[in-house]
Amino acid sequence: MRTAVTWSLCLLVVVAGLWLLGQIAVLLAPLAVALAGTLFLTALLDPVLVRLRRLRLPAALAALLTVLLLLGVLVGAGVLVWNLTASQFGELSQQLDEGLQRSRDFVTSSLPVTDQQLDRLVEQIRQGVSGSAPDPVAGARKAAEVAGAILLGLVLLFFLLKDGRSMWHWVLGRLTGPRREVTAAAGRAGWRTLGAYSRGTMIIAAIDAIGIGLALVVLRVPLALPLALITFLGGFVPIIGATVAGAVAVLVALAANGPTTALLTLAAVIAVQQIEGNLLEPLVMRRQVQLHPAVILVVVTAGTLVAGVAGAFVSVPIAAVLWRVLDTVQRHRTGEATG
């Protein structure tokens, strides 16, 4: 009885602690997402900063040029894509509607489901979405939070690029003895993991977008460029993003060219994703950021529940870095124990 009471109290303390951490994470979600996104961009842009510093540029100027380069690439790419595809996004919506209608006809003709049952299901989903839609005031507040998080992220990005290394050396200077060595090793491992993840994810997402985009062009599926853009953005959300992007491409192919082209598009999407998962990802990512697919699904779902789409983007790199840091600390402790 005494043991059961002790374990029950410990469990209650652990659950209360986890609940408190969850509440803090929800309250500070915009700040946490901004910090995570800033670290992601810092790791991605660090090689650019290093090259500029090799040209003997001051740290502040090199950091400013790196941030301006990032903004230039984002704005330039956005303007280019918008000019090329702005008139096509309305067509994309129409094509998706036609694809959904063909899918509906297939379901009602192949499965024991009537049009009335399907209509009731769609209406229930529509009512649920409209019931959960935020009011205008909440939407404006959310937009202000997003704008503030973006501005905060840019400012933090500049300072991390400019003073990140000196900040890290200052932290290490406050530690002594074995703790300093373990912290330094864990920090290096975490930073290498974040850099490998950020650059590897961008490379893999670009290759996915190019491969699927070329397949859509060969199959003469309309809106190949917007679909390739969706594929590129979806590549930053492991497993789920690629699945959603592939489903959109198949729906458009079904609406535009019929079931044969849709099946060929599905085969192309699966082939590209298999090449990515079995060849490109192990080659680009190495073993530094390997996480089990089940862990990735749980982490992405948790990130989405806490911070929406932004949480889905940053949840996996956070989990990969934490795993690498904990693994490094454990290895050091094991080495000290055996030594």
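Read along the sequence, the protein chain runs α-α-α-α-α-α-α-α-α-α. That is ten helices and zero strands, where helices (H or I, at least four residues) and strands (E, at least two) are DSSP runs numbered from the N terminus. The model is predicted, so local features need pLDDT of at least 70 and side-chain atom pairs count only at pLDDT 80 or more, while totals for chains, interfaces and linings use all residues. Residues are numbered from 1 along each chain as its sequence is written, and side-chain values use heavy atoms, with hydrogens and water left out.

**Chain totals**

- Buried residues make up 30% of the 339 residues in the protein chain; buried means under 20% relative accessible area, exposed over 50% and partly exposed in between (1.4 Å probe, protein chains only).
- Of the contacts in the protein chain with a separation of 6 or more, 74% are between residues 24 or more positions apart; a contact means heavy atoms within 4.5 Å.

**Nonpolar cores**

- A nonpolar core is a set of buried Ala, Val, Leu, Ile, Met, Phe, Trp, Tyr and Cys residues joined through side-chain atoms within 4.5 Å.
- The largest nonpolar core has 16 residues, of which Phe 40, Leu 194, Leu 291, Ile 296, Val 300 and Val 316 touch the most other members.
- Two or more residues of this core come from each of α2 (29-54), α6 (178-218) and α10 (293-338).
- The element that gives the most to this core is α10, with eight residues.
- Apart from this core lies another, of 14 residues, which include Val 221, Val 248, Ala 253 and Ala 262.
- Leu 291 is in contact with Ile 296, Val 316, Ala 319, Ala 320 and Trp 323, leaving aside its neighbours within four places in sequence.
- In soluble globular proteins, nonpolar side chains tend to be buried together.

- Two packed helices are described by the angle between their axes and the distance between the axes.
- Axes are lines fitted to C-alpha atoms, for helices over the stretch in contact, and angles run from 0 to 180 degrees between N-to-C directions.
- α6 and helix α7 (residues 224-234) pack at about 155°, with their axes 8 Å apart.
- α6 and α7 are therefore roughly antiparallel to each other, given that angles under 35 degrees count as roughly parallel, over 145 as roughly antiparallel, 65 to 115 as roughly perpendicular and the rest as oblique.
- The crossing of α6 past α7 is right-handed; a crossing is left-handed if the near helix is turned anticlockwise from the far one by less than a right angle, and right-handed if clockwise.
- From α6, the contact uses Met 202, Ala 205, Ala 206, Asp 208, Ala 209, Ile 212, Gly 213, Leu 216 and Val 217; from α7, it uses Ala 224, Leu 227, Ala 228, Thr 231 and Phe 232.
- The residues of this contact divide into eleven nonpolar, two polar and one charged, where Ala, Val, Leu, Ile, Met, Phe, Trp, Tyr, Cys and Pro count as nonpolar, Asp, Glu, Lys and Arg as charged, and the others, Gly among them, as polar.

**Packing of α7 and α8**

- The axes of α7 and helix α8 (residues 240-257) cross at roughly 165° and come within 8 Å.
- That angle makes α7 roughly antiparallel to α8.
- α7 also passes α8 in a right-handed crossing.
- Leu 227, Ile 230, Thr 231 and Gly 234 of α7 meet Gly 241, Ala 242, Ala 245, Val 248, Ala 249 and Val 252 of α8.
- This contact of α7 with α8 has seven nonpolar residues, three polar and no charged.

**Arginines in helices**

- Arg 102 is in helix α3 (residues 59-110) and counts as partly exposed at 36% relative accessibility.
- Arg 102 and Pro 259 are 157 residues apart in sequence, with a C-alpha to C-alpha distance of 9.2 Å.
- Leaving aside neighbours within four places in sequence, Arg 102 is in contact with Leu 254, Ala 255, Asn 257, Gly 258 and Pro 259.
- Arg 180 is in helix α6 and is partly exposed at 41% relative accessibility.
- With neighbours within four places in sequence left aside, Arg 180 is in contact with Leu 172 and Leu 175.

**Arginines with positive phi**

- Most residues other than glycine have a negative phi.
- Arg 56, in the loop between α2 and α3, has a positive phi of about 65° and is exposed, with a relative accessible area of 77%.
- Arg 220, in the loop between α6 and α7, has a positive phi near 60° and counts as exposed at 72% relative accessibility.
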